[in-house]
Structures are given as structure tokens and as C-alpha cells.
Amino acid sequence: MLDTAATRVPAPPHPPPRVPDVEDIQRGYERLDCEERVVRGTAVRLFTFPGGNRDVSRTVVCLPGLGASGRSFAPMEPLAQAWNLLLWTPPLKTPATHTPLQWNLSVLNNPEAGLPERFALLGSSYGSLLSIAYALEHPQRVKALVLVSPVASVRKVRRLALSLSTLVRAPQPLAYVFAPTVARVMGGRWLPAEGRAEIVREARRISPLELMRRLRDILAADLLHRLQELRVPTLIIEGGRDLLVPPAAARDVAAHVPGARLEFLEAASHLPYMSHPEAFNERVSDFLSRHPD
């Protein structure tokens, strides 16, 4: 059964500047605490909100998109008093013996990760692919799923992914220069300057090779036929102006997940939690409150 809702979010009176000030690129979202955990020999950055909820029974692990860090979830701070938000950042480099998806699944489930026995998962874009795969592989550990700009199959996004992979092969200085443009496309018109700065900063941290390997994970993804196996409350949030994962792809995912709830934020693009945090947080809070266990 598919529960859908389209929401028109009032746009801010004026869009932010197209490109953040140069000095702003090194700031943005610095208020978060950062802990580095070594899991299976690789470093994982875990961001949390100072003074936030630390009740492990209310843990929500947030998995970011391609090339982003957990710090990109900083606009979810209003939820931190009610929920123990763990903003996870995958290792910047994964071993050649595994695909990045395989390695991140094993790292998430490793005792060294220090995660509670059961938790909710919130994943954006590539993080949604990781969330789906984890919920299928370890259903006993997942209380609820929030999938943002969901990726479960390449059928709807293959052409764009191939185009992006071509850009990623460019020399690193060229990728460095184009990072603000990529942030602009991903975040849309209403992505604030500090959000754009965060995307630019993280895009410049990850190597082109690692980014290419993660793109190959997306190109190989075909979990659509397995979504019917999910037996966990699921909320899907999609931006109506997403240029990377089209709304049709989100509808496709929602149609295959039993009992999924689908919410559209019409004015948002690929990163609704950054560009339209009030509307996004309202829907996530309502969903998690309905499924605390």
C-alpha cells in the first residue's frame, strides 16, 4: 500500500548567493562535535549535536550522499533534543578487496562501530542505497527507514550517473574548480551558503578514485525487486525539483515497499534536509514519533 502526499513549501523571499564567499567554504556547520572511530582499520567520522539526546533507544543513524559527510545533516538540529542523531561519515577510502557498499555494510555492522543493537536509519541518495541494503541484510537491527532522494535501481538514473562518472575522471584540480557548480545542481536554488560550502568542502576531500568506485556501486544497484522483503516502517522524502533522482524513481521505490509513506517537497531539489529543513524535519519528526520502536 502506498501513501503519498505532495507538499508545497513556501519559498524564502530571496534565494541565497549562487556561490558562497571564499572564506565561507572553510566554515559552515562547525558547531557539531566530531568523534573519529576506527572500524576494521578505517577511520569513520561521527558527528553529533552538543547537548543532544543520548538515549540509545532513540538512536537514528544518518547516512549521507555521495561524497558528503554526516555534517551535511546539521540542519536536522531541531530533532536532536528528541532523538539521538548519529551523523555518520563513511571512510574516505575503502579497500580494493571490497566495493564501497560492501565495506560500509560490514563497517556499520561491526561491533567497533559502537552502534546500539537496534536503531532507525536515515539515508540520503547513496546513503539511501546503503540503508536499503543494510535493512535487507540485517532486518533485526532496523526499527524504521527514512529514505531521502532514494536510489534502489539504476533504471531511472543510469544516464546521469554515467555523465557524472565522466566528470569524476577529470584531474583533481578540475574537480576542485567544479565543486561549487556540483553543489549548486545538487542543492537547488534554495540551498543556503553554508550548506553549499559544506558540499564543496567535502567534495574536495574525497579522491576521484573513491568517488568513482561509489558511482560504480550505484550503477550496479538493482534492489528494486527486493524492496518487497522490507518489513520495517518506511518514509520516503523526495524533492519535486530533484535533477539527479527524478520523482518517478521515488514513486517506483515507494510502490515496491510495503506500507511506505511518500512525501514530496515540491520546491526542494536533491538535498531537502539542507534546503528546506523546517518542512523536512516536521515530516521526519512525525514519522519517527509514530514508530519509536
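Predicted model: local features only at pLDDT ≥ 70, side-chain atom pairs only at ≥ 80, totals over all residues.
Start by selecting Glu282 and Arg283, whose side chains meet in a salt bridge, 3.7 Å from N to O (a salt bridge is a side-chain nitrogen of Lys or Arg within 4 Å of a carboxyl oxygen of Asp or Glu). Glu282 is exposed, with a relative accessible area of 54%, whereas Arg283 is buried at 11% (buried means under 20% relative accessible area, exposed over 50%, partly exposed in between, with a 1.4 Å probe and protein chains only).

Residues are numbered from 1 along each chain as its sequence is written, and side-chain values use heavy atoms, leaving out hydrogens and water.

Next, select Arg205 and Glu202, a salt bridge with its closest N and O atoms 3.7 Å apart. Arg205 is partly exposed at 42%, but Glu202 is buried at 2%.

For the core, pick Val61 and Trp88, the residues with the most contacts inside the largest nonpolar core, which has 47 residues (a nonpolar core is a set of buried Ala, Val, Leu, Ile, Met, Phe, Trp, Tyr and Cys residues joined through side-chain atoms within 4.5 Å). A second, separate core of 37 residues includes Leu32, Ala144, Ile199 and Leu271.
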